[in-house]
Each structure stands twice: as structure tokens, then as C-alpha cells.
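User: I've got this model open and want to go through a few spots with you. Can you take my questions one by one?

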Amino acid sequence: MPRHTNESAFWRRCPLCGFINLVSMENIGEQVVCLIAYHLLFAMFVWSYWKTILTLPMNPSKEFHLSYAEKELLEREPRGEAHQEVLRRAAKDLPIYTRTMSGAIRYCDRCQLIKPDRCHHCSVCDKCILKMDHHCPWVNNCVGFSNYKFFLLFLAYSLLYCLFIAATDLQYFIKFWTNGLPDTQAKFHIMFLFFAAAMFSVSLSSLFGYHCWLVSKNKSTLEAFRSPVFRHGTDKNGFSLGFSKNMRQVFGDEKKYWLLPIFSSLGDGCSFPTCLVNQDPEQPSTPAGLNSSSKNSENHQFPAKPLRESQSHLLTDSQSWTEGSTSLGKGNAGMSNPALTMENET
């Protein structure tokens, strides 16, 4: 004789995973809410995941590549002043400000280009990636300027998805240990589902929390392990503009796109506003037109090169973005970088 329906729940096969799931919600409203929440989280999770995978990482534009004549000079001349002179001419109008650990200009031998700020050469992809964060094996792609927002949303929605599953499965997991479930093989699916969702929730929460901290400080994973080097030396907060503008640099100005895996990051990935805490004596003084803020910026540096339009407005907003009582102005257009030296760095 089959058990009475009041003594046990009925069973249904899940169309997504094929597991036998226990359905015991008697309230229709609760069922509808759970179904909508589940499929919404699942859809956003899949959308952001595929955007992270399928979005190609951006590479430096042609202006950062050496010309054929410059490449010939680098190959023909012995290393030394001749190489430095070639790179001076090539880099004088480029929006670069970071250096190698020895203070040399960041040049990639494999790609034969001058690296933009925050750009690094990926040994897996064998190319230079703009604002490279890391190469992620889970998405089989480099996480950088073009897909970092998608990666963050992927972590966020996967975490919410796992938390939702763990939360809705918790009551049945408790019944499993109190013998409150029917004695069928399906109850082991309940135990496995809860453990899997809970373990992924713990690992994802740590990773997502870490990247939220990186965004709040305007750092990449590589910059967190090795601080960027500027003309005056290492500065771990050189790119930080304050929490609000750091967020906007990744997610964009329009908040309606923040939770959607649609590209809305500011800039082109080749130039970034900087906030330097030490004065560089070789750089020009405060640009004209910023006298009103000069009192607070006497000991702070401005970008050595003109920024792209979508990045420059971060420096010109009337709202204060200072972090640690710092101020920032707009760099002079066409400003050159004197006394550059070259060191191979891949």
C-alpha cells in the first residue's frame, strides 16, 4: 500500500539536472516566488558566466607598438643610450606613467610594444592584456579590462545561486538527520545538494569578498601582490580615486547597468587617472586652471599623459573623491616623459 500523502511528500524529476527533488511546499505563492527567484538567479549566473568566457581580452592599441623603423633600430644598435633614445621618442606622447621595479619603461620583448599602465603579458595567452587581473582556468580566459565586470557579476550571481539552494534545502537536510524524510534513495540527493551548495558558498564568498576589496581600492590581483611602480617609486594606492570613483571605473556611471553583464566600464584600458602621494620633482607643477585646489595638492602628482575622455571626467567632478586627503587634477596634453630607460620585461 502506498503511503498516505499527508505522511510523505510527492516527488518530481528536476528538468535541469535530472535529480529527484522533494517538493513539499503547499503554499502556491511560496512556490511561485521560489521558482522565479531560482530561475532569475540561474539565468543571471549563466549570462555572466558566458560573458566572462566569450569576451576576448583587450590588447594594447597600435600606438603602443613600435614602428618597423624603431624595431630595426632596437635590433641593430647595442643596448644602451641608443635603445633609450628610441623608446623616448616612441613613448613621449603615450599616456604611460608606470615603470618596472628598476625604474625603466615597461617594454614587452615578445609583443614588441610599450606596455600601457596596468597592462601585463599573459604567458598562457602569449599576449599583453590591458589591466590584466589574472588568467582564470575556470573560465579558460584572461580576466582583464574587457571582462572584469562580467567576472565580478559571475562571482556574485554564482554565490547568490548557491546560497539560495543551500537555504531552500536546509530544512530537508535537517529532516535527513532527524529521520523526517521518506526512506528512499532520493534523500541522499538532498544531503549531497546541501553539502555542494554550502561548500561552494564558502569558497565563493571568500573570492567575491576579496575582489570587492580590490575594486574598492582600485587594484588588480597582480597589483595586490606587487604594487605598481611610478616615477617616484612604489605606490600601492597610486590608482585609487576613492571608493565611489573606484566603483564607477569598473561598473560605469549608469547604475541601471551595474547588475547586468553589459560592458559599462570607463575608459579604454590604456590610460588611468592616478593619485600619487609623493611629489615627483621631474614632473611639471599643477596645471593652470586648478588653482582653487592647489592648496590641497601641493604634494601630489598629476597624470604624466593626457587621459582618455571617459577617464578624465573622474578627475574633474566637483564632488570630492579624495582618499587620505589627496586631490587630483587633469594632466597637460602632450606632456612628455623625459629620461626614460628600457628594460625587457615579459
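User: Which helix holds Phe192?

Analyst: Keep in mind that this is a predicted model. Phe192 isn't in a loop or strand assignment here; the residue is found in a helix. That helix is α5.

User: Is Phe192 buried or exposed?

Analyst: The cut-off for exposed is over 50% relative accessible area. Phe192 comes in at 54% relative accessibility, so it counts as exposed.

User: How far apart are the C-alpha atoms of Phe192 and Phe173?

Analyst: Along the chain, Phe192 and Phe173 are 19 residues apart.

User: What span would you expect for α4, at 1.5 Å a residue?

Analyst: α4 has 30 residues. From its first C-alpha to its last it reaches 42 Å, which is close to the expected figure. That expected span is 44 Å.

User: Where does α4 bend?

Analyst: There's a bend of about 45° in α4. The residue where the bend sits is Leu170.

User: How many of α4's residues are buried?

Analyst: Buried means under 20% relative accessible area. On that basis α4 is mostly covered. Out of its 30 residues, the buried count is 21.

User: Which residue with a positive phi follows α4?

Analyst: Most residues other than glycine have a negative phi. After α4 comes a residue with phi near 60°, and that residue is Asn179.

User: What is the volume of the largest cavity?

Analyst: Searching the whole structure turns up three cavities of 30 Å³ or more. The largest cavity holds about 80 Å³ of space.

User: Which elements give two or more residues to the lining of the largest cavity?

Analyst: The lining includes Lys131, Asp133, Tyr148, Lys149, Gln249 and Val250. By class, it has three nonpolar, four polar and four charged residues. The elements giving two or more residues to that lining are α4 (148-177) and α7 (243-251).

User: Is Asn218 buried or exposed?

Analyst: Asn218 lies in the loop between α5 (186-217) and α6 (221-225). Its phi is positive too, near 55°. The relative accessible area of Asn218 is 6%, so the residue is buried.

User: How far is the C-alpha of His232 from that of Gly103?

Analyst: His232 is in the loop between β9 (229-230) and β10 (233-234). With a relative accessible area of 22%, His232 is partly exposed. His232 and Gly103 are 129 residues apart along the chain, while their C-alpha atoms are separated by 8.8 Å.

Note on methods: Residues numbered from 1 in each chain as written. Predicted model: local features only at pLDDT ≥ 70, side-chain atom pairs only at ≥ 80, totals over all residues. Heavy atoms only, no water. 1 Å grid on protein atoms, 1.4 Å probe; cavity = no way out; pocket = protein on both sides within 12 Å on 5 of 7 lines; lining within 4 Å. Points joined across faces, edges and corners; volume = space filled by probe spheres on them. Helix = DSSP H or I, 4+ residues; strand = E, 2+ residues; numbered from the N terminus. Nonpolar A, V, L, I, M, F, W, Y, C, P; charged D, E, K, R; others polar. Buried < 20%, exposed > 50% of the residue type's maximum accessible area, 1.4 Å probe, protein only. Expected span 1.5 Å × (residues − 1). Bend = angle between axes of the 7 residues up to and from the residue.
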